[in-house]
Amino acid sequence: MAEDVQRHEMATLRELLDEAVAGRGRVAMVTGAIATGKSALLHGLAEGALDRGVLSLTATGSRAEGALPLGVLSQLVLGASLSERNHSAALGLLREGIRRYLPAGRSGQNGQSSRTGQNGRTVLTGQNGPAGPADPVGPMGPAGPALPADPASGEQMDVLLVDALCAVLLELSERCPLLIVVDDLHHADRASRLCLSHLARRIAYARIMLVFSMPDPHALGSLHAEMLRQPHCRTVRLGHLSLGEVTRLAAGDAGVATAARWHALTGGNRLLVDALLEDHRAGDGRGERYAEAVLACLHRAEGGSPRVARALAVLGEAGPVSRLLGENDAVTAKTVQELTRAGLLEGGRFRDEAARSAVLAGLDDHERVDLHRRAAELTYHDGAPAPVVAGHLLRAGHAGEPWALPILEEAAARALRQDGVESAIAYLMLALRSCPDERRRARIATTLVRAKWRIDPGTPAGQLAELTEALRRGHLTGGDAVVLAKALLWHGHAEAARDVLGHLRRLDELDRDAVAELAVAHAWFRSSFPSFLPHLPALTDEQTGGAAHSLSADRRTESADALVRALTQGPLPETAATAERILRGSRLDEMSMDTVESALLALTYTGRADLAAPWCDSFIAEAASRRAPSRQARLSAIRAEIGLRRGDPAAAAADAQRALELIPPDSWGVAVGGPLGSLLLAGAAMGRHEEFLPPVNRPVPEAMLETRFGLQYLYGKGRFHLAAGQPRQALRDLRLCGELMGEWKLDSAEFIAWRLDAAQALVALGEMEEARRLVEEQLTRSGGSRRVQGMALRVLAATAEKRHRVILLRQSADLLEDGGDRYELARSLIDLTEAYHAAGEFRRAAMLSRRARALAQGCQAGVLSRALPDGGEGGEGVWAGTRPVLSDAERRVAALAADGYSNREVAAKLFITVSTVEQHLTRVYRKLSVTRRGDLPEGLTRERI
């Protein structure tokens, strides 16, 4: 760590070093938690010692070499610049000491052993040297009186041997001052620590400074207390960085707010702060260096800290760690306190999830599985919430205990309610793998199908075969069998679905869940899969009445019934009111998607697309926030239908394409006809035939033609062929669509007014009488829909005599203006423009052309705009034709009125009365054949005075 945050501590050590150079020996004990900069401080002191003419001898204690006698002392002595005689003597002393204290069984061949010291030099140990008999052990001889026992181990050392080793260093200090640095003294071997303690008592008047580092002074036990008794011993305590110090370190790289966040994440731990700074400079958002630093801190930690940290990472809190590890509570608490001092923990938890993730990532597979398996059992018996226990079971990949399956199922149910669909799927997959009971497996598999359906309806196809087999063996309940039949139909497995429904019909008795599912299914099949309705078991009135045993089930049934009424009875006000009421009380929770979908479609098919649009947008946003792409796609498909009925083909195309992107077309199953049909209708309206040709040629499931979605596809395809100039092919698709609608009794004009497009195809083929018959039939079946009536009158005008076309088209435009379909209104206005032109009313034709063009361009229906005659840029052609008609006074009034001024404002500007303004406008309207100021030509504004 940079020296600028350790100025005070470094100054203290240099002051002590100066005193030692002057002949007053000093001992410094540098203490501090993990990563407080002890090693860096010692290294900086040793680096600067040479400038003071001081010889530095350094050594580092290591856990790996803690059992090697005199290992640390060997680093110091053999790293010194000794004379040849002293070097040989020191080597002999070390060998003798090692021989005496080396544990049995550690010596090598011929009684020798070797190791590589921290300074890279090879140290030979044992009875004999590299060749020949033992070296002399110096003037002290091979043995002597013993030193007092090591307070920590009870071992005794030869006082003469220790004196001799210390004498080597004392003699060296007479030639030049010595700085003896031992980092991590608590990891040094016991023999070296006794020697250094012995040396510390003999340097009071020597030119020697001893500097030792350790995280906790108590790690040395009574040896620390003995050293502190020496008057020339000082303690230098290091702490973590303060917020101000972190801010200074981050200056130039990060702002104050970032520095504060770093301090909160690290507690000022210098190693972690440095790592965050490096990650920031490298632009590493993943925090790779930070993760490495967390593991490095644990590696440096004492005793069982890594084990406790790993257990804590698994559990997330410190409370049950001791029981998970089978350790004493006091020992675990002490370790947690140490990790807290190190800056890794706060309040018994990791300060940052990234630190916890780094520790978890450092676990090997066996340890991870073992810890999570034991954590699952521990948290279960402690009564932890099901998702907590299930999370451990999931990471252990094991759910063999009797209590595990209920926990996984409960956790999955909670996750589905709280939009954790991916978690729910993972829980259910583990439960399915671990469940030996076939009936229960079937129930789990059914729930899994529902969960996967939220993300992609194509993914649960793998479970359908298993559920079908479970049904055959009698392990699937009636309610789950209904779900299976619906899933099979979605994927186009019509025959398999019939078999499932046949199984239900053969059951002697249906349970309550089965009756509830069937009550909803009857309406759902009626509206979506009408050809399969005869295969469903019939329900008695009593069963139907008692089916709604919950508010959710009641809403599902009511919503499905509303959609059936919209498709079979046309636009009824009470149906729209019911749909809106259902939507007001609905959210996209686990079971309500069918409810919302049916209610939105019911509102749309009753001619209230204007009301359905904001509801649909709201539910799309909710589906996106819940991370439910399947639901978002299905709602986008409905939004496309709404867009078409509001005369916005461009938006409808975008919504349909989004639906097909969120769920791949293959995963849509038979329901793909919905978005594909909308896409074709939008493409036809915009005249972009080549761009939208692929959906026309795309293969679709054969079973789709047995569904409502097949009707939508046939209608879209028919209109697309009609717009592309292929009336015979269009007529074939439209008639098939009409035949199926009639057969299924779904002949609602607001759903699909197929007769009108078929009539247009007949007009193109010159079959006017048949076309007129279809239009008149559609008018009788309009159900009061002003939109459908307006569309019908436009087509009827094409079959009528020229003298009747204007009145029919004006009525059509008025109805469509109220109906809210801008695209169909543009079509009527264009036809009316042509009718005026054909009747010789060029002025009216020119004025109407401008409005029709604006509507067509707003719908991005370029093909309609190109069909209009050019009335002059900005309406100038219109104004050119009106100049001779209006007087100057009328022209001035008309120009201001066209600019949007009120009658009173016009009167004030022209200094005339309001009554005069009204009289002028009455004459202007009559002369220009318009009925309101909004129809006044734009060119008038360029001539106002």
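**Overall picture**

The model is predicted. Its chain holds 46 helices and nine strands. Of the 945 residues in the chain, 52% are buried.

The table sets out the geometry of each pair.

| Pair | Residues | Axis separation | Angle |
|---|---|---|---|
| H8 and H9 | 243-250 and 256-266 | 9 Å apart | about 125° |
| H36 and H37 | 754-764 and 768-780 | within 8 Å | roughly 165° |

Take H8 and H9, which pack at about 125°. That angle makes H8 oblique to H9. The crossing is right-handed. On the H8 side, the contact uses Leu243, Val246, Thr247 and Ala250. On the H9 side, Val256, Ala259, Ala260, Trp262 and His263 meet them. By class, this contact has seven nonpolar residues, two polar ones and no charged ones.

Now H36 and H37, which cross at roughly 165°. Angles over 145 degrees count as roughly antiparallel, so H36 is roughly antiparallel to H37. This crossing is left-handed. H36 contributes Trp754, Arg755, Leu756, Ala758, Ala759, Leu762 and Val763. H37 answers with Met768, Glu770, Ala771, Leu774, Val775, Glu777 and Gln778. The contact of H36 with H37 counts 10 nonpolar, one polar and three charged residues.

**Helix H45: one buried face**

H45 runs over residues 903-910. Which of its residues are buried? They are Asn903, Val906 and Ala907. Viewed down the axis of H45, these buried residues fall within an arc of 100°, so they line one face of the helix. An α-helix has 3.6 residues a turn, so residues three or four places apart point the same way.

What does the buried side of H45 pack against? Its buried residues pack against helix H44 (888-898) and helix H46 (914-928). The face turned away from that buried side carries two exposed residues, Arg904 and Ala908.

What follows H45? Phenylalanine 911 does, and its phi is positive, near 60°.

Definitions and conventions
Residues are numbered from 1 along each chain as its sequence is written. This is a predicted model: local features need pLDDT of at least 70, side-chain atom pairs count only at pLDDT 80 or more; totals for chains, interfaces and linings use all residues. Side-chain values use heavy atoms; hydrogens and water are left out. Axes are lines fitted to C-alpha atoms, for helices over the stretch in contact, and angles run from 0 to 180 degrees between N-to-C directions. Helices (H or I, at least four residues) and strands (E, at least two) are DSSP runs, numbered from the N terminus. Angles under 35 degrees count as roughly parallel, over 145 as roughly antiparallel, 65 to 115 as roughly perpendicular and the rest as oblique. A crossing is left-handed if the near helix is turned anticlockwise from the far one by less than a right angle, and right-handed if clockwise. Contact means heavy atoms within 4.5 Å. Ala, Val, Leu, Ile, Met, Phe, Trp, Tyr, Cys and Pro count as nonpolar, Asp, Glu, Lys and Arg as charged, and the others, Gly among them, as polar. Buried means under 20% relative accessible area, exposed over 50%, partly exposed in between (1.4 Å probe, protein chains only). The arc is that of the directions from the helix axis to the C-beta atoms.
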